[in-house]
Amino acid sequence: MWGYVRLELTRSMRDGGYVIFAIVMPVVMYLVFTNLGLAPGDRHDAAIYTMVSMAAYGALGGAFNNGSGIAEDRAAGWLRQLRLTPLTPAQVVAGKVVTGAVAVVPSIAAVLLAGVLVNHVTLPPQRWLAIVALLWAGTVPFSLLGLGNGYRLSGQSAAMANIATMLTLSILGGLWVPVENFPSWLRAIAEWTPSNSYAGLSWRIAFGDVPSLRQVVLLSAWLLVFGVYAVYGYRRAGRRA
Amino acid sequence: MTTKTADAVSLTSATKRFGPVRAVDGLTLAIPRGQTVALLGPNGAGKSTTIALLLGLLPPDSGRAALFGLDPEQAVRQGLAGAMPQEGGLIPRVTVRELLTFVSGTYAAPLPLDRVLALARIEDLRDRRVDRLSGGQAQRVRFAMAVCGDPDLIVLDEPTAALDVTARREFWSGMRGLAGQGMTILFSTHYLDEADEHADRVVVLGHGRVIADGTSAEVKRAAALTTVSVTADGESAWLATLPGVRHMEIRGGRVHLRSGDSDATVMALARAGAVRDLEVVPAGLEDAFVALTAKENA
């Protein structure tokens, strides 16, 4: 299974879509937003707030890209080829999940590093730790949604659906522009999105608060919904394989 | 049965339906170890479905499939079988070496990479990206994926369908090396010369059933397709009653006898003193195939 993870990560790093959407764009947008004075409030606070936003945005890109890969693999007959090796289906699925979990790390790390090195963000060590852990673990619902799309849809449409979902969730969740700047009706919608809860956990930690119960419950509920969706997609894909 | 003695491949009354179509219809087939077997049939004969059943990619609706006496999936897990599906299996953004290293790594006792590259004749492609190969090159890489685990059985679904003549020849020269090592090989094809040339045994499929099974000579005999012809004058209807003769045709003073046993037919002709301008023309498998499927349809 580790051989599979290594192969998949090698492929991801050579995937222009992944590198651009999940690593380069978030870092560039972060530096642009924070250094052109587009982010609200105090400069250091803005650097922290936007750092979390863009790390979350990049992680979403990585998580969804992994799901698109599944559709591509199925179209290429790769999933069937894997069934003809000694790997078990469980190992294949686990390998893909681990790949997804690893693939979001460079996105998060790149933006946080840009925060430290370029924008001189300073935070107490335990906050750094909590932010990294939450940004990382919080990608699971999005990975599942991406995998669900990947199993359910064909190659091209899965990739399109995942990019569209990723952008919608990023913008609507307040990762590009804080929801405080939204009109009130849009803000009401935004506060129900999984992406807003996801980034919200780390925003609060970054500024010394504890995550709200609402955010935790909401993200867990979405985790459940997307988990069911991924299982449904996998079963459907299995019947057609 | 233990895995030591069981047949490499065994299908017992296997049936698979897709909606109203019986793709595989009560098919029974046993392949002992070490044989090279061609599965021959036109499109829609059930070749790919048969292969999917015996590899455990599809469950049979009824009947049983086994490899080395094991459930097919189990045999694949144990690395006993390697397979090359009709298409696909190559992923973008990896090199040939990376791909084969990964696939080999899933087996307990794979062949050394250099040996695999040599067998598939892709030594010069090892650092090439898989998505930048020609059709023939890609096919050889797919073949390498099927053999790199050093399986006891290798199953190839129309391995040369997409290849030109040169690429086909190169492909089969790699295969010969494997058959020499006692590997059991099952390949499907609709190139009849390939079955004739490369298989110990030819299994002809039509409508999901075995309609002939034997050496290519036996299959031709079963189809009664050796043509014995002589020049005849006068009354010649009696020729149709000679041993082995299944069908007679008279064209331009020549009598053409389709025979299932050309030796017996010729001997009888000689005894009757009717040998004049004798010609014995063995049928190609192609003719045999047409005759067999026609018989099946009748």
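Why does B:Ser13 count as exposed? In this predicted model, B:Ser13 counts as exposed because it has 12 C-beta neighbours inside 10 Å. B:Ser13 belongs to strand S1 of chain B, which covers residues 9-18, and its phi is near 45°, a positive value in a residue other than glycine. A positive phi is also found at B:Arg121, which is not a glycine and has a phi of about 55°. B:Arg121 is placed in the loop between H4 and H5 of chain B, and it counts as partly exposed because it has 17 C-beta neighbours inside 10 Å.

**Cores and buried residues**

The largest nonpolar core contains 82 residues, of which B:Leu40, B:Leu67, B:Ala144 and B:Val204 touch the most other members. Helix H5 of chain B, at residues 135-147, gives the most to this core, contributing seven residues. For B:Leu40, once its neighbours within four places in sequence are set aside, the contacts are with B:Thr189, B:Leu192, B:Ala195, B:Val202, B:Val203, B:Val204, B:Leu205 and B:Phe289. There is also a second, separate core, made of 49 residues, that includes A:Ala103, A:Leu134, A:Leu175 and A:Ala230.

Helix H3 of chain B, at residues 96-105, has as its buried residues B:Val96, B:Leu99, B:Leu100, B:Phe102, B:Val103 and B:Ser104. These buried residues of H3(B) pack against H4 (113-119) and H5 of chain B, and also against helix H1 (2-13) of chain A.

**Contact between the chains**

Chain B supplies 22 residues to the contact, and chain A supplies 19 residues. On the side of chain B that touches chain A, the elements giving two or more residues are helix H2 (72-77) and H3 of chain B, and H3(B) provides the largest share, with four residues. By residue class, this side of chain B divides into 12 nonpolar, six polar and four charged residues.

**A helix pair in chain A**

Two packed helices are described by the angle between their axes and the distance between the axes. In chain A, the axes of helix H3 (residues 43-75) and helix H10 (residues 194-206) come within 9 Å and cross at roughly 145°, and the crossing of H3(A) and H10(A) is right-handed. From H3(A), the residues A:Ile48, A:Tyr49, A:Val52, A:Ser53, A:Ala56 and A:Leu60 meet A:Ser195, A:Tyr198, A:Ala199, A:Ser202, A:Trp203 and A:Ala206 of H10(A). The residues of this contact comprise nine nonpolar, three polar and no charged.

**Annotated spans of chain A**

In an unreviewed entry, UniProt lists residues 49-230 of chain A as "domain: ABC-2 type transporter transmembrane". The feature "transmembrane region" is placed by UniProt, again in an unreviewed entry, at residues 16-34, 46-64, 93-116, 128-147, 159-177 and 216-234 of chain A.

| Span of chain A | Helix | Strand | Distance between end C-alpha atoms |
|---|---|---|---|
| residues 49-230 | 79% helix | 0% strand | 31 Å |
| residues 46-64 | 100% helix | 0% strand | 27 Å |
| residues 159-177 | 74% helix | 0% strand | 25 Å |

Technical notes: Residues numbered from 1 in each chain as written. Chains lettered and ligands numbered in written order. Predicted model: local features only at pLDDT ≥ 70, side-chain atom pairs only at ≥ 80, totals over all residues. Axes fitted to C-alpha atoms, helices over the stretch in contact; angles between N-to-C directions. Left-handed = near helix turned anticlockwise from the far one by under 90°. Contact = placed C-beta atoms within 7 Å. Nonpolar A, V, L, I, M, F, W, Y, C, P; charged D, E, K, R; others polar. Core = buried A, V, L, I, M, F, W, Y, C linked by C-beta atoms within 7 Å. Buried ≥ 20, exposed ≤ 12 C-beta atoms within 10 Å, placed from the backbone. UniProt positions renumbered as here; feature names shortened; annotations may be inferred.
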